[in-house]
Structures are given as structure tokens and as C-alpha cells.
Amino acid sequence: MRPLLQKVFAKVGTRVKPLLKLGRIGLTVRLGLVLFLSYSDMATDVLVAIQFRGAGNRSWFQFSIGFMVLALFFHVFLAVLNNYRRPLRKSLPKIFSALFLLSPLFDGLSMWSGEDIPEGQVLTPVLTLSATRAIELMFESLPESVLQTHILFVTSGSTFLQRFS
């Protein structure tokens, strides 16, 4: 019975192995798409805020920058909460990566590599990436979208970048 099971598992294993590699590729594509959309959204929001400032729309500029700073604050806050048990020399790089909005990139890489929770860290890389995406959605993307949609309805002349963003 045992040699028969070994043969069956060997055949199944050779057929499943390429599918497992495709799973890793699919995860890479999904993570890459999430990160691309996240950073392109932030870049277009910064460019639109610069356009507001250049056009003399000070209040819209301040609202736009305010939403981005609020999201940045919560990214750093999450990094501090997630690493408060770790020594300072290990937690500072995580906090600085959050300060420069690089934490989704590093969390995505940790998730892709299948890394476990580093010692002293509270959340897994998957939960950290999910939390950073939720923070970005609640405190930056959604308020920016509402603001920019309001501006599109209020003003008559909008630029392509404002409509695209």
C-alpha cells in the first residue's frame, strides 16, 4: 500500500508544483497592483494639491494637504503601536518607513516572502498591510475623492489631472 501512495503523491506533486508557482506569481501581481495604485493615487493627489496652490485655491490646497498629513500621522501611529515592544534600534526603521509612506511596500514584501511576525511586533505582515490600506482608504483616498468631486461640481474649468485623480 505504501509504494502505491508514494507513486500517487509523486504524480500529484509533479502536477501541483507548477500551480503553486503560479500562485506565487498571482500574489506578486496582486501586491504589485495594490502598491502601484496606492502610490499613484498619492502622487496624483500631491500633483492636484500643487495645482490648487498654483491656481491660488488656498483652502482646497490646505484641505488636500491636511488629508494627506492625517493619513501620514495614522501610518506612523500604526507603526509605533505595532513596534512598541521592540527595541528602539529595531522599531525606528519601521517608524521612519511609515513616515516616508514606505511601510506598505515593506509590509507587502514581508507578506510576499511569507515572513512570520518579527519578535516584539504585534501584528503579522498581512494584518499590517491590511491596516495601512484601511488607513489610506479612510483618511486619505475617500476624503480626497469627496473633495475633488466637490471641486469638479463647483468649478467650471477643471484640468485633466483633477478629473483623473
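Me: What makes a residue nonpolar, charged or polar here?
Reply: Ala, Val, Leu, Ile, Met, Phe, Trp, Tyr, Cys and Pro count as nonpolar, Asp, Glu, Lys and Arg as charged, and the others, Gly among them, as polar. By that rule the lining of the largest cavity divides into three nonpolar, eight polar and two charged residues. The model is predicted, with pLDDT of at least 70 needed for local features and 80 or more for side-chain atom pairs, while totals for chains, interfaces and linings use all residues. Residues are numbered from 1 along each chain, and side-chain values use heavy atoms, without hydrogens and water.

Me: Why is H2 called roughly antiparallel to H3?
Reply: The axes of H2 (residues 58-82) and H3 (residues 88-99) cross at roughly 165 degrees and come within 8 Å. Angles over 145 degrees count as roughly antiparallel, so H2 is roughly antiparallel to H3.

Me: Which residues make the contact of H2 with H3?
Reply: Contact means heavy atoms within 4.5 Å. H2 gives Leu72, His75, Val76, Ala79 and Val80, and H3 gives Lys94, Ile95, Ala98 and Leu99. Seven of these residues are nonpolar, one is polar and one is charged.

Technical notes: Axes fitted to C-alpha atoms, helices over the stretch in contact; angles between N-to-C directions. Helix = DSSP H or I, 4+ residues; strand = E, 2+ residues; numbered from the N terminus. Parallel < 35°, antiparallel > 145°, perpendicular 65-115°, else oblique.
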